[in-house]
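Please have the structure open as you read.

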Amino acid sequence: MKLLLENWRKYLKEGYELWGNCGMVAIAIAEEAEKLDLEALLVLVHNADDEETLVYGDYDLFHVAVAIGNKYYDDRGEISRDDLNFDNFGKEDWDYTIEEYFLNDKLRDAIKRNTNWDSCPADFEERAKDIIKGIHNETPT
């Protein structure tokens with residue numbers, strides 16, 4: 001599993017180390033989307049057994065992104081759903097789930113508890129605004 005996480009880390013670097021902050025970036029993007037009345041769902045790649053564990057327990061939270069419409073976003077900007085798939089790292093039999101949830105306080109706490117974050121969502125506000133600005137400009141009026 002360590003090799004998997006080291007490989008995934010390469011995809012989360014953008015000028016500085018984002019490892020562990022994907023959840024904070026996703027929260028920032030979802031908050032900015034809500035300001036423009038865009039429906040944003042947090043996309044969690046995890047191995048929690050059930051929703052109660054997801055909200056209250058400890059588990060491996062491998063990545064957090066945002067779904068807006070039928071597109072996915074993280075700090076890299078728009079990504080494909082395949083970018084959330086760990087099978088690409090040679091872990092076809094690895095147990096994980098990709099699920100979408102609305103942002104709420106319980107989910108925010110779960111993300112904080114299960115990621116190795118060292119920056120808060122406010123630290124990513126400008127990046128989130130840039131991503132949402134691009135989405136908003138694509139939306140037909």
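Predicted model: local features only at pLDDT ≥ 70, side-chain atom pairs only at ≥ 80, totals over all residues.

**A strand and its neighbours**

Strand S3 (residues 71-74) runs antiparallel to S2, and three bridges join them; strands count as paired if DSSP finds at least two bridges between them. Within this pairing, Val-66 stands opposite Tyr-73 in S3.

Residues are numbered from 1 along each chain as its sequence is written, and side-chain values use heavy atoms, with hydrogens and water left out.

S2 has another partner to look at: strand S1 (residues 40-46) pairs with S2 in the antiparallel sense over seven bridges. There, Leu-41 has Ala-67 in S2 as its bridge partner.

How many residues of strand S2 are buried? Eight of the eight (residues 61-68) are, so S2 is largely enclosed by the rest of the structure. Buried means under 20% relative accessible area, exposed over 50%, and partly exposed in between (1.4 Å probe, protein chains only). Across the protein, buried residues make up 46% of the 141 residues.

For contrast, turn to helix H3 (residues 51-56), where Glu-52 lies. Glu-52 is exposed, with a relative accessible area of 60%.

Zooming out, the protein has five helices and five strands, taken as DSSP runs (H or I, at least four residues, for helices; E, at least two, for strands) numbered from the N terminus. Their order from the N terminus is α-α-β-α-β-β-β-β-α-α.
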